[in-house]
Amino acid sequence: MALTEPAVAATTPAKAPPHFVLVPFVAQGHIIPLVDLARLLAERGARATVVTTPLNVARQRGAAEHAARAGLPLEFVSLPFPPPGSGLPQDCQNADMVADNYQFLPFFFALPELAGPFDAYLRLLPPPRRPSCVISDWCCPWTAAAARRLGVPWLFFHGPSCFFSLCDLQAANHGLHDLIVAAGDDDEKHAVPGVPVPVTVTKATVPGFFSHPLTLELRDEAMAAMRAADGVVVNTFLDLEAEFLACYEEALGKPVWAVGPLSLCNKDADAEATASRGEVAGAATQQAIIPWLDGQAAGSVVYVSFGSLVRKQPKQLFEVGHGLEDSGVPFVWVVKESEAAAPEVAEWLAALEARVAGRGLVVRGWAPQLAVLSHRAVGAFVTHCGWNSMLEAIAHGMPVATWPHFADQFFNEQLAVDVLGVGVRIGAAAPVMIFDDETVSVKRGAVARAVTALMGGGEEADERRRKAKEYGEKARKAMEGGSSYENLTRLIQSFTMSEAKQHQQEQE
């Protein structure tokens with residue numbers, strides 16, 4: 001055997017590095033994890049290309065510069081958007097640029113117009129750079145046909161928790177949406193079948209991204225593309241969602257690669273502080289955050305941020321601020337510039353800052369979230385339950401106070417509070433649109449109670465912190481040679497063609 005093995009190795013064609021083309025949905029919460037995945041693929045020797053709109057390419061300048069400095073085969077390609085006749089402003093290329101709730105439907109319906117430019121991009125790639133695989137956000141099913149026409153494998157990337165993805169799939173498989181509509185009672189609770197823990201939903205919280213009556217066609221297209229896909233990539237890890245991953249893979253009937261938490265690829269200080277993730281604050285504010293945290297006691301500060309999309313109306317902002325003030329807990333609170341722009345809000349925030357000087361810091365714009373969560377002074381996170389934020393909290397061992405708003409967020413809340421035991425509910429009972437609805441408000445007392453419970457002492461609070469820290473340690477192990485590292489290895493190997501096959505493609 002010792003004589004034959006080298007001979008076999010000598011005749012085995014060398015492997016050419018695969019080229020992964022990644023297409024995120026154009027919202028920060030969807031772009032961030034796919035850019036992180038592209039970076040990880042490039043660090044492991046694959047070529048990675050992120051295809052998005054010009055505005056989003058510009059926002060990823062930091063990631064592109066980081067890749068260039070490191071010599072990574074990672075690039076960004078822009079496709080023209082919005083299309084003529086869409087009625088959208090030219091800068092409306094990301095969901096966070098949508099001006100009001102009524103602009104979302106035109107925004108969603110314009111996105112499939114990217115299919116033509118995407119098809120042309122793939123066809124113009126020279127044979128050495130022909131894609132080995134397209135990984136597309138679940139919300140971008142229009143990429144599937146272009147990949148199929150070129151005979152390229154197509155995977156979908158589902159950004160939420162696997163718990164949500166399983167509930168969404170089983171709700172579709174069992175016709176739960178139709179059953180709920182037929183029931184007619186908005187408050188009636190319905191069980192989601194095929195999930196290993198009890199899950200109930202109402203008409204308002206039934207799983208799904210395209211739940212508006214006018215977007216059902218988009219949902220049907222996404223579900224059909226999902227069922228025809230060659231597999232799925234998810235941003236989670238085995239030790240966090242093992243039973244849901246197993247059930248999801250069985251119900252879907254396709255391979256599932258769990259490769260997260262993807263945010264942990266930003267493990268160096270430069271990557272955590274950079275704007276490569278599209279998180280930009282005013283220079284003066286951003287420079288003030290870390291020094292301010294340096295002056296606080298270890299684990300004493302609660303970090304408050306509601307993601308890139310949710311925009312709170314003044315009355316709801318006031319309730320958040322009063323709740324934080326009444327809690328007596330040191331805090332860093334991120335308020336969007338668009339939220340703080342109204343004169344009455346600006347005046348109120350100034351008064352709040354005067355009252356809590358030294359104990360509270362209000363950040364206008366964006367904070368470097370990973371750098372904040374990794375700081376020794378931060379002990380908990382008040383979050384909108386977007387999966388990126390939830391997973392970033394978990395990866396840094398942070399318990400959470402949950403305030404879900406829409407889409408997958410009520411399921412992520414249930415996972416954090418009822419399954420993982422790392423969260424406290426603030427008490428949001430019904431979903432709202434991107435622009436918060438003041439008629440569905442959360443009062444200051446609820447905010448203060450949740451923050452106090454999260455940051456206080458006692459057996460329950462200690463147990464939440466213990467579990468959060470334990471999951472944080474498991475998250476890092478998963479990425480550093482554990483299950484997620486190995487799954488990424490298998491993903492790359494699955495789409496690595498031999499040199500001989502690549503040569504054959506080049507001759508076609």
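Helices (H or I, at least four residues) and strands (E, at least two) are taken here as DSSP runs, numbered from the N terminus. The structure is a predicted model, in which local features require pLDDT of at least 70 and side-chain atom pairs count only at pLDDT 80 or more, whereas totals for chains, interfaces and linings use all residues. Residues are numbered from 1 along each chain as its sequence is written, and side-chain values use heavy atoms, with hydrogens and water left out.

The protein chain contains 23 helices and 15 strands. Burial was assigned from relative accessible area, with buried meaning under 20%, exposed over 50% and partly exposed in between (1.4 Å probe, protein chains only). On this scale, 57% of the 508 residues of the protein chain are buried. The chain exposes about 20400 Å², of which carbon and sulfur atoms supply 55%; accessible areas come from the Shrake-Rupley method with a 1.4 Å probe, and for residues only the protein chains shown count as cover. Contacts were defined by heavy atoms within 4.5 Å. Among contacts between residues at least 6 apart in sequence, 74% join residues at least 24 apart.

Helix α19 (residues 409–419) is mostly covered, nine of its eleven residues being buried. Just after α19, glycine 421 adopts a positive phi of about 75°.

Aromatic pairs were identified among rings of Phe, Tyr and Trp (its six-membered ring) with centres within 6.5 Å; planes under 30 degrees apart count as stacked, over 60 as edge-to-face and the rest as tilted. The whole structure holds 13 aromatic pairs. Phenylalanine 164 and phenylalanine 411 have ring centres 5.5 Å apart and planes at 70°, so this pair is edge-to-face. The pair links distant parts of the chain, since phenylalanine 164 belongs to helix α8 and phenylalanine 411 to helix α19, 247 residues apart. Both phenylalanine 164 and phenylalanine 411 are buried. Elsewhere, ring pairs link Phe25, Phe81, Phe107 and Phe108 into a cluster.

Charged groups were also found over aromatic rings, the criterion being NZ of Lys or CZ of Arg within 6 Å of the ring centre and within 35 degrees of the ring normal. Arginine 44 lies over the face of tyrosine 485, at 3.8 Å from the ring centre. Lysine 312 is placed over the face of tryptophan 403, at 4.0 Å from the ring centre.

Side chains of opposite charge can pair when their charged atoms come close. With a salt bridge defined as a side-chain nitrogen of Lys or Arg within 4 Å of a carboxyl oxygen of Asp or Glu, the count comes to 17 salt bridges. In one of them, aspartate 119 meets arginine 149 with an N to O distance of 2.9 Å. Aspartate 119 lies in helix α6 (residues 115–124) and arginine 149 in helix α7 (residues 143–149), so the pair ties together parts that are 30 residues apart in sequence. Aspartate 119 is buried, at 13% relative accessibility, whereas arginine 149 is exposed, at 52%.

Arginine 148 forms a salt bridge with aspartate 230, the closest N and O atoms being 2.8 Å apart. Arginine 148 lies in helix α7 and aspartate 230 in the loop between α10 (216–228) and β8 (232–234), so this bridge ties together parts 82 residues apart in sequence. Arginine 148 is partly exposed, at 37% relative accessible area, and aspartate 230 is partly exposed at 34%.

Within helix α21 (residues 459–479), arginine 466 and glutamate 463 are three residues apart, about one turn of the helix, and their side chains meet in a salt bridge of 2.7 Å, N to O. Salt bridges that share partners join Glu463, Arg466, Glu470 and Lys474 into one network.

Valine 152 lies in the loop between α7 and β5 (154–158) and is buried, at 4% relative accessibility. Its C-alpha atom is separated by 6.3 Å from that of serine 132, 20 residues apart along the chain. Leaving aside neighbours within four places in sequence, valine 152 is in contact with Pro131, Ser132, Cys133, Val134 and Ala147.
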